[in-house]
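Me: I'm new to this one and would like to learn how to read it. Could you take me through a few features, one at a time?

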Amino acid sequence: MAGLFQDEVFNIGCDETAAKGVCTVNSTFSIERELIKDIGSDYGKVAEGWEEILFDAGAATPDTIVNAWARHNASSITTTGRKAVESSSAHFYFTGAAPGGAAGWSKCHYDIATGVPADQRHLLLGGEMSMWSDTYCQTAQCGASTGALPVGHQLFAPSTDQEFGRSIGGMIWPRGYVAAGSFWNYNSTLDPSSAEFVASIWKLNDQLANRGALVCPSNCSCDQLTACGKPYLQL
């Protein structure tokens with residue numbers, strides 16, 4: 001993987017780790033710390049990982065970049081002197097469907113520097129949106145757990161790649177524009193539900209759709225299986 005990308009950073013994940021069975025906190029620490037070391041010495045890259053790499057396993061080195069996503073925010077990380085990326089699941093996870101318009105995108109209008117002191121702002125690298133594919137797997141958590149079939153499992157097979165692409169695009173955009181705006185230049189005076197804001201988002205959405213972008217059409221809602229109430233799959 002390191003050879004495929006020229007990035008200076010290599011994300012090793014390390015999220016949702018837990019002490020279970022033969023996997024102890026010490027063993028998790030050992031393997032994660034070894035990964036961090038190898039990424040730096042063997043590939044010349046900086047390791048990045050989710051918040052568990054710091055707050056659970058304690059394997060993060062002072063140079064490790066940490067993503068805040070669940071129990072912590074960026075300020076919890078910058079306080080330790082480490083670089084942070086704000087990936088708040090409450091604001092920037094698009095795994096679940098949301099209503100079209102302001103009702104679905106308002107939560108994305110969020111200041112990723114919340115709680116970060118001015119003298120630590122240089123440690124905040126930015127924000128990240130996550131579109132996990134859990135709800136498209138053919139089994140719950142791709143077999144990692146039991147439960148009902150995920151809502152989008154019908155789009156799992158390679159034969160439905162075209163429909164899957166349209167579905168994923170509709171789940172991300174247009175709410176992703178609002179999140180991106182928050183990352184780039186958050187403005188607390190803006191109201192994401194105001195007529196002006198809403199019109200600007202729909203305008204951008206239409207412009208990108210006209211260029212062939214896979215987005216949820218303006219003025220309607222999309223979920224894993226439908227766009228504007230019309231199914232992606234014609235069964």
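Me: Let's start with W202: is W202 buried or exposed?

Reply: First, a word on the model: it is predicted, so local features need pLDDT of at least 70, side-chain atom pairs count only at pLDDT 80 or more, and totals for chains, interfaces and linings use all residues. Residues are numbered from 1 along each chain as its sequence is written, and side-chain values use heavy atoms, with hydrogens and water left out. Buried means under 20% relative accessible area, exposed over 50%, and partly exposed in between (1.4 Å probe, protein chains only). W202 has 11%, so W202 is buried.

Me: Which ring does W202 pair with, and in what geometry?

Reply: Rings of Phe, Tyr and Trp (its six-membered ring) pair if their centres lie within 6.5 Å; planes under 30 degrees apart are stacked, over 60 edge-to-face, the rest tilted. The partner here is W105: the centres are 5.2 Å apart and the planes at 65°, so this pair is edge-to-face. W105 sits in helix α5 and W202 in helix α8, 97 residues apart in the chain. Helices (H or I, at least four residues) and strands (E, at least two) are DSSP runs, numbered from the N terminus. W105 is buried as well, at 1%.

Me: How many aromatic pairs does the structure hold?

Reply: There are 10. One of them joins F92 and F183 edge-to-face, 4.9 Å centre to centre with 70° between the planes. F92 is buried at 0%, while F183 is partly exposed at 21%. Ring pairs also link W50, W69, Y93 and W132 into a cluster.

Me: Now charges: which residue forms a salt bridge with D56?

Reply: Side chains of opposite charge can pair when their charged atoms come close. The rule asks for a side-chain nitrogen of Lys or Arg within 4 Å of a carboxyl oxygen of Asp or Glu. D56 bridges to R71, with the closest N and O atoms 2.7 Å apart. D56 is in the loop between α2 and β3, and R71 in the loop between β3 and α3. By this rule the count is one salt bridge. D56 is partly exposed at 33%, and R71 is exposed at 53%.

Me: Which residues of helix α7 are buried?

Reply: In α7 (residues 175-185), they are R175, G176, Y177, V178, A179 and S182.
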